[in-house]
Amino acid sequence: MNSTPRFPLARLPLAWLLALALAATGALRAAEPPQPDPLAKMLKDADRLKSNRNEHGRVLRLCEEVIATPRATKDQKLQAFDTMAYAYAQKRSYADHIKLMDRLRALFPGDAAVDRKALLAQIGVYRTWKKPTEGLAAASELAEKHAADKPTVAAAHAHRAYFFYRARKYEDCYDAADKAVALDPENHEQVLAVLRLLSDAAWSKGHMERCLAASLRMLEPQLAALTPEHELPGRQKRPGECLVRLERHDDARDHFLKVEKATPDPRAAQEFCYLAARAALDGKHYDQALATFDRVFTSYPDRTDYWPHAQQGIVDAHRAAGRFPQAIAAARILLDAARDRGGVANYTRLIAELFRAIDNHLGRANQMINFQRFGPLGEDGKPGTPDDLKNPLAAIRYPDCSARDKALAKARKEAGDDAKAAHFRAVTYTYTGQPREALRHYLDAFARAHGSDYRTIGPEMIAIGARAARGHPVGLEAFAEFVNHGPDGPDGKPGTPDDLKDPFAPLLK
Amino acid sequence: MRQHKPRMPRRLVCLLPLLLAAASARAADPPPDDAAILAQARDALERIVSNEHRHTSTRREAARALNRVHEALNDWGRKGQLEWYLEQLQATTDDYIQASLLDGAQAAAKAGSYHLGGARKLWDTIDGLVKAGKFRLQSHGKRTRQSLEEARKYITRAGERTPTDKPMSITPPKLDIRSSLKPFPEPKK
């Protein structure tokens with residue numbers, strides 16, 4: 001009877017067994033994790049520690065060790081240099097950084113890519129270090145050594161333009177910038193940076209034609225798309241400003257109107273609308289200027305930012321056109337909206353000058369000034385005396401603001417229900433020649449207010465609201481006293497001699 | 001049996017910011033329907049602020065939102081409002097809640113008027129509570145008071161604004177030629 005052997009391996013020849021054992025040990029060895037490369041570990045450690053300023057010395061030692069190791073690969077050495085460069089940049093060790101890049105170039109003398117990288121790094125350091133002379137030398141060396149490589153030469157010229165700009169050598173800056181743009185026009189980011197530099201340099205030097213060309217090119221779609229959103233309104237404005245300085249007012253107006261339509265930022269759009277009106281005024285297109293100034297209100301009824309400027313523009317346009325009565329009517333709104341002593345004095349003088357221009361004598365002009373100085377009771381402050389004064393503005397009606405009022409009505413409705421909204425409504429009434437209605441809304445704003453609103457609304461309620469409703473700034477102390485203490489007066493007790501009368505009440509009838 | 005206090009529906013609490021934003025987009029006085037919702041929100045917020053078992057951050061937000069709801073309703077000085085604020089002020093120890101409550105209390109004392117007389121009286125009351133040891137003013141609360149004092153200073157300055165311009169005058173141009181122009185010399189006889 002055949003029996004099955006208990007150990008089948010026992011039937012194999014010894015040689016086979018030996019071969020199996022060897023294969024098994026080999027397989028085991030293959031399954032073990034590979035020994036880590038000590039250089040790779042050092043680089044990893046250095047990379048991990050490079051942002052830690054306290055470990056700066058250790059990072060440099062680790063990297064130096066890698067660079068000094070003959071069996072380190074080129075990539076490992078380059079990585080070590082990169083890490084050291086990062087550490088020097090972190091510590092702002094500019095001189096060490098420059099020396100390091102010199103060492104890198106010396107280590108790989110024939111390597112164009114390494115040479116380019118090291119030179120660009122040095123240029124970057126010189127930019128941060130604010131060393132234009134050294135930076136220029138490095139940029140020129142880059143352009144010379146890599147003359148066959150157009151993008152590198154373009155980059156070198158872009159850097160040269162920057163250093164010339166810093167050194168205030170504007171003509172050289174323009175030259176280098178032109179070369180950078182011509183050599184690598186497809187590098188949009190670089191072109192944008194160079195044009196920005198060119199535009200700023202030409203603007204500060206007063207070279208408007210150059211600035212205009214650069215600024216207009218920056219608005220080309222592919223470049224405008226790269227401009228940061230917060231920077232775009234300023235960039236859109238610049239060509240118009242150049243045109244104004246070149247006294248090409250009609251072109252400036254057209255440019256501002258174009259960018260007003262193009263910009264998605266309503267604040268910028270309102271500013272462009274105002275600037276277009278200003279350009280039209282400078283170009284002596286008075287009616288067009290007036291219509292555009294008015295659009296600063298009607299097209300942007302929820303933004304008060306440029307309303308004072310636009311109202312001033314309307315006065316200027318009427319004045320320039322010789323329509324002095326209309327200018328006075330428009331200036332009344334400016335005087336109403338003035339929020340400080342300087343503003344009240346300026347607009348009083350402006351109106352006085354307009355009176356003088358109409359009358360050819362100083363009668364009403366000085367009446368205007370004195371009424372704002374002393375109020376209806378005159379210098380002695382007593383009623384019924386010969387020095388009592390009349391407001392010359394009483395005979396002059398506010399301008400017709402019905403179209404403006406209609407446009408602002410919707411914004412008033414939608415402004416909201418808080419104190420700020422009530423304040424906004426008050427401002428809209430001031431700019432439509434309705435000072436009493438404005439006062440009502442100032443009072444509503446203060447009534448609703450809480451927290452820090454008292455500080456902003458309270459003073460305006462008196463300086464604009466009460467003053468404009470009365471027509472002069474004399475005696476506003478009583479208003480301030482009432483707002484601060486209330487009807488019970490400074491002692492806070494009712495029925496005592498210091499009780500105060502509400503000075504606002506007669507203005508609300 | 002345990003009585004359940006009426007609570008603001010959870011959905012309403014979540015929708016509060018939206019409600020307030022929607023209210024901001026409307027005109028000054030909310031229409032009756034919105035006013036009713038805001039009044040409901042006000043009552044619920046008062047319950048949240050006064051509930052010490054609620055999380056502090058929720059109470060802080062609720063105290064701030066409550067002031068905003070009063071502003072929208074324009075109901076500063078409503079009956080019992082100032083008393084409620086004073087009661088909560090004495091009950092809370094949190095700095096931020098105290099600041100919001102003080103802000104609300106000031107406005108409640110001002111009672112929708114255009115002067116700060118009521119707010120001044122409130123601070124007299126608070127000083128009395130502090131003296132009696134019933135209340136401790138914390139840092140943010142001190143800032144609320146400081147802010148009011150600053151506002152009063154600005155208001156005082158606004159009343160002092162009078163233009164200082166002098167009247168215009170025309171000075172005749174100097175045409176005195178006595179020293180510069182002499183008569184031609186007479187021919188010698």
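Author: A salt bridge is a side-chain nitrogen of Lys or Arg within 4 Å of a carboxyl oxygen of Asp or Glu. In this predicted model, the side chains of B:Glu150 and A:Arg455 form one, at 2.3 Å from N to O. Local features need pLDDT of at least 70, side-chain atom pairs count only at pLDDT 80 or more, and totals for chains, interfaces and linings use all residues. Residues are numbered from 1 along each chain as its sequence is written, chains are lettered from A in the order in which they are written, and side-chain values use heavy atoms, without hydrogens and water.

Reader: How many salt bridges does the rule find across the interface of chain B and chain A?

Author: Three.

Reader: How many residues does the contact take from chain B and from chain A?

Author: Contact means heavy atoms within 4.5 Å. Chain B gives 46 residues and chain A gives 59 residues.

Reader: Which helix of chain B gives the most to the side that touches chain A?

Author: Helices are DSSP runs (H or I, at least four residues), numbered from the N terminus. Helix 7 of chain B gives the most, with nine residues.

Reader: What volume does the largest cavity have, and which residues line it?

Author: On a 1 Å grid over the protein atoms alone, a cavity is a set of points where a 1.4 Å probe fits but cannot get out; lining residues have an atom within 4 Å of a point. A volume is the space filled by probe spheres set on the points, which are joined across faces, edges and corners. Here the volume is about 40 Å³. The lining residues include A:His485, A:Asp491 and B:Arg120, and helix 6 of chain B gives the most to that lining, with four residues.

Notes: Helix = DSSP H or I, 4+ residues; strand = E, 2+ residues; numbered from the N terminus. 1 Å grid on protein atoms, 1.4 Å probe; cavity = no way out; pocket = protein on both sides within 12 Å on 5 of 7 lines; lining within 4 Å.
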